[in-house]
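Biologist: I am new to this protein and would like a friendly walk through the model. Could we look at it together, one question at a time?

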Amino acid sequence: MDELGLLDAFLMRPHQPLRKIGGWFGKEHIQIGDFSGLPARYAFIAMMPQWEFLDFLSAEAKKLPAFTLRMRAQATVLIEADGRVLGVHGRDAEGEFEVRADCTIGCDGRHSTVRAAAGFEVEDVGAPIDVLWFRVARDPAALDDTLARIAPGRMVVTLDRGDYWQCAFVVAKGGAEALQKQPIEVFRAQVIEAAPILAPHIADVRSWDDVKLLTVMVDRLRRWSKLGVLCIGDAAHAMSPVGGVGINLAIQDAVATANALAAKLRAGGVSEHDLDAVRRRRLWPTQATQAMQVAIQNNVLVPVLSGNAELHLPLPLRVVTAVPTLQRLAARLLGMGVRPEHVRSPAAA
């Protein structure tokens, strides 16, 4: 945002700055991330609801003369001829339409229509967890920046949204179905067992209709592109919610795509080799991040969710909590990733 000249306007949108990352591990409070080592202008994570962030991006993009946004529309199939993707057929409230383009970018998430239509092969990395999302009211005057709350057999993530908590209840893969057969009171009790701070307003979760299942996937494409089409973000590599870095990787993919392709598209077009440059640039950070997520899933989350009577803080986390330098390094990795990208594409005319 800063490199695009948009940071000041961005920070005017409702958000909560998260300057440290910590949580409760059983009865022990730990801190594993400290953003004070980053430049002071953005030494925090801006906790902003996704719709607010997307509304900001669309408002800024509408200032560009060539930008068009179709709401409540979906791509249905790729337009192809002579081995090249020429655009997409789509559908919205007014009926069928088509968009033709020199380059079609599939950034339509982990259930991507574009990647399926392109026939790209997906490699499953593995995810032993799923997540149940819900929200409860929050007293804005209460100060509590705890992110994760872990009890034997239970884990709840609490995201501060100002007047409410956005919450994630982590369950073992496939465990949601059995839990959802129980009365909602059983779910409420398990939540407040790990996160007592939610108890005053847990009745906001009135029924299972207020709880949404996120089926966690960790995967990546073996091939991200072919002539005329490129997948990035979750369409190219679905990330675990561990660390909340999926959006980081997606935005970095977008920046790398603009850096690699913008000037060439303006000059006339891009080749298959040009498109594959994005994969070559972004594959290693994707693999490294997913490897870290899988390690945390297998070595921290799976033992926690097994329901052992006692919790023991894993040695790597104990070392991080004891060394401030490692906390700043962890924050940098979470906030900026293993390969940060910088805006180098030409300014839009």
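**Inside and outside, helices and rings**

Biologist: Is Thr-257 buried or exposed?

Modeller: The relative accessible area of Thr-257 is 8%. Buried means under 20%, exposed over 50%, and partly exposed in between, with a 1.4 Å probe and protein chains only. At 8%, Thr-257 is therefore buried.

Biologist: What kind of model is this?

Modeller: Residues are numbered from 1 along each chain as its sequence is written, and side-chain values use heavy atoms, leaving out hydrogens and water. Local features need pLDDT of at least 70, side-chain atom pairs count only at pLDDT 80 or more, and totals for chains, interfaces and linings use all residues, since what we have here is a predicted model.

Biologist: Which residues is Thr-257 in contact with, leaving aside neighbours within four places in sequence?

Modeller: Thr-257 belongs to helix H6; helices (H or I, at least four residues) and strands (E, at least two) are DSSP runs, numbered from the N terminus. Contact means heavy atoms within 4.5 Å. With neighbours within four places set aside, the partners of Thr-257 are Ile-105, Leu-230, Ile-232, Ala-262 and Val-278.

Biologist: At roughly what angle do the axes of H6 and H7 cross?

Modeller: Axes are lines fitted to C-alpha atoms, for helices over the stretch in contact, and angles run from 0 to 180 degrees between N-to-C directions. H6 covers residues 246-267 and H7 residues 272-305, and their axes come within 9 Å. The angle at which these axes cross is roughly 160°.

Biologist: How is H6 oriented relative to H7?

Modeller: Under 35 degrees counts as roughly parallel, over 145 as roughly antiparallel, 65 to 115 as roughly perpendicular and the rest as oblique. The crossing angle therefore makes H6, relative to H7, roughly antiparallel.

Biologist: How many nonpolar, polar and charged residues are in the contact of H6 with H7?

Modeller: H6 brings residues including Leu-249, Ala-256 and Thr-257, while H7 brings, among them, Leu-275, Val-278 and Arg-282. Ala, Val, Leu, Ile, Met, Phe, Trp, Tyr, Cys and Pro count as nonpolar, Asp, Glu, Lys and Arg as charged, and the others, Gly among them, as polar. By these classes the contact has 7 nonpolar, 4 polar and 5 charged.

Biologist: How are H8 and H9 placed relative to each other?

Modeller: The axes of H8 (residues 315-322) and H9 (residues 324-336) come within 5 Å, and they cross at roughly 110°. The two helices are therefore roughly perpendicular.

Biologist: How are the rings of Phe-10 and Phe-56 arranged?

Modeller: Phe-10 is in helix H1 (residues 7-10) and Phe-56 in helix H2 (residues 50-61), so this pair ties together parts 46 residues apart in sequence. Both residues are buried. Their ring centres are 5.6 Å apart and the planes stand at 65°, so the arrangement is edge-to-face.

Biologist: What is the phi of Arg-72?

Modeller: Most residues other than glycine have a negative phi. Arg-72, in the loop between H2 and strand E5 (74-81), is exposed at 78% relative accessibility. Its phi is positive although Arg-72 is not a glycine, at about 50°.

Biologist: Which residues does Thr-146 touch, not counting residues up to four places away in sequence?

Modeller: Thr-146 sits in the loop between strand E10 (129-137) and strand E11 (148-151). Thr-146 is buried, with a relative accessible area of 5%. Beyond four places in sequence, Thr-146 touches Gly-22, Gly-23, Trp-24, His-29 and Thr-158.

Key. Rings of Phe, Tyr and Trp (its six-membered ring) pair if their centres lie within 6.5 Å; planes under 30 degrees apart count as stacked, over 60 as edge-to-face and the rest as tilted.
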